[in-house]
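Work through these exercises with the structure in view. Try each task before you read its solution.

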Amino acid sequence: MATATTCRSLLLAVVVLISQLCGCTAYVGVDGFSVEFIHRDSVKSPYHDPALTAHDRVLAAVRRSTVRAAALARSNHGDGAVSEVVSRPFEYLMAVNVGTPPTRMLAIADTGSDLVWFECEPRAAAAGAARPSAIFNPSSSSTFGHVGCNSGACHALYGTSCDASSNCHHPYVLVPNVSFGCSTSTNGTFVVDAMVGLGAGNSSLVGQLGAHTSLGRRFSYCLVPYTVKNASSALNFSDRAAVTEPGEATTALVRSEFEAYYTVELESVRIGNASFEHLSRVIVDSGTPLTFLDKALVDPMVQELTRRIGTGFPKVPSPQEPLQLCYDVGGPARRYSFSKSIPDVTLYLAVFGEAVTLKAENTFVEAQEGIMCLAVAPVTEKHPRSILGNLAQQNMHVGYNLDKGTVTFAPADCASSYNSLPVHG
């Protein structure tokens, strides 16, 4: 994992077509565009480790959850916004093209960040530092130039400075009119090509596309379950981000301590006829596998789930903190029986009074062979933010509309939502 990244120069680069922004575009049309949302453990990811079993990957995701949850509790500004983001875990990737002629790069796609940056030449890598798979060379692109110190883009960003030629120095470039960072030095062994922040702030890709294009500040994703092989998730922009599936539930985004985070108000949790009320603010995050909720909700949830699942499956110790409520479910036949014994968990959202239903695949995960554990953990001092993680969002079409200030959830078959798209170029 990288320990630090430093960046330089605010530049200006332009690409002619917005569709060039995405290097593995599945669909481009008048209604927007969709791209492949690649999970880090996918065989299409450079971070895929074939030596790991499916259960090894789940436990690694659990460990990343705790680190990510702690990172979301910290401000992005601290000792440097870019270092903070590089050193925290991620789950999904997307391909992008930058410059003219285009350089294809694989970027972290992060709903918890506003930053957009790329590895650039000239680089000053520390001894032993890993080299990214692709590096953008501004001097080889016909569409870039320095941004002045008096520009709005320079003043809008944290941590900018000016050189003797009145050029703005900060990790940002513009493509087209979309600012992104230029990282020129990275320490550590974990290196990525780029970061595409999809957060709620004005500096994110979504915010800037809305400000400078007709696409609007709208995007959505549909996350394929971890257990589904050879299927991709979809990331959609503009009108293609509309959530129209039956059973959709819309709620308002509420003000967050950190502008980048998509935050909703959770009013209560219901399991069958049992309801647990506790008003809390929850970050909706694609980058955290587990869900974290206040202890006032998790404790009664565990009790009610224990009662409803019954004694047909023996409880076993957790193989990894913070997993809890683990059961030995044996082979595939009993695993199916266990999933049928898990009741729906319904989240009642404040403001519009809508409800989001979590199925068994959203609430339990197979952490070891035949061992199923609750994928919901309590908020702690180390992980003080409530988070709706990506396991809870599997097989849901989740749409963010910053123009309206809403987020919408709907049950969906996410494996077919990407693969059914017509492929363009």
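This is a predicted model: local features need pLDDT of at least 70, side-chain atom pairs count only at pLDDT 80 or more; totals for chains, interfaces and linings use all residues.

**Exercise 1. Find the buried residues of α5, then look at what follows the helix.**

Solution. Step 1: buried means under 20% relative accessible area, exposed means over 50%, and partly exposed lies in between (1.4 Å probe, protein chains only). Step 2: the buried residues of α5 are L297, V298, P300, M301, V302, E304, L305 and I309. Step 3: recall that an α-helix has 3.6 residues a turn, so residues three or four places apart point the same way. Step 4: G310 follows α5, and its phi is positive, near 80°.

**Exercise 2. Describe the surroundings of T111.**

Solution. T111 sits in the loop between β6 (103–110) and β7 (116–119). Step 2: is T111 buried or exposed? Its relative accessibility is 1%, so T111 is buried. Step 3: list contacts (heavy atoms within 4.5 Å). Beyond four places in sequence, the partners of T111 include F219, Y221, Y262, D285 and S286. Step 4: look for polar contacts, which are pairs of N or O atoms within 3.5 Å; within protein, one must be able to donate a hydrogen and the other to accept it, and residues adjacent in sequence count only if both atoms are side-chain atoms. The side chains of T111 and D285 make such a contact at 3.1 Å. A polar atom of the T111 side chain also lies 3.1 Å from the backbone nitrogen of S286.

**Exercise 3. Classify two aromatic pairs.**

Solution. Step 1: rings of Phe, Tyr and Trp (its six-membered ring) pair if their centres lie within 6.5 Å; planes under 30 degrees apart are stacked, over 60 edge-to-face, the rest tilted. Step 2: the structure holds 14 aromatic pairs. Step 3: Y47 and F90 have ring centres 5.3 Å apart and planes at 70°, so this pair is edge-to-face. The two residues are 43 residues apart in the chain. Y47 is partly exposed at 22%, whereas F90 is buried at 3%. Step 4: F338 and F364 are also edge-to-face, with 5.5 Å between centres and 80° between planes. F338 belongs to helix α6 (residues 332–341) and F364 to strand β24 (residues 364–368). Both F338 and F364 are buried.

**Exercise 4. Which residues does E369 contact, leaving aside its neighbours within four places in sequence?**

Solution. Step 1: E369 lies in the loop between β24 and β25 (371–374). Step 2: its relative accessible area is 57%, so E369 is exposed. Step 3: the contacts of E369 are H55 and R335. Step 4: the side chains of E369 and R335 make a polar contact of 3.4 Å.

Conventions. Residues are numbered from 1 along each chain as its sequence is written. Side-chain values use heavy atoms; hydrogens and water are left out. Helices (H or I, at least four residues) and strands (E, at least two) are DSSP runs, numbered from the N terminus.
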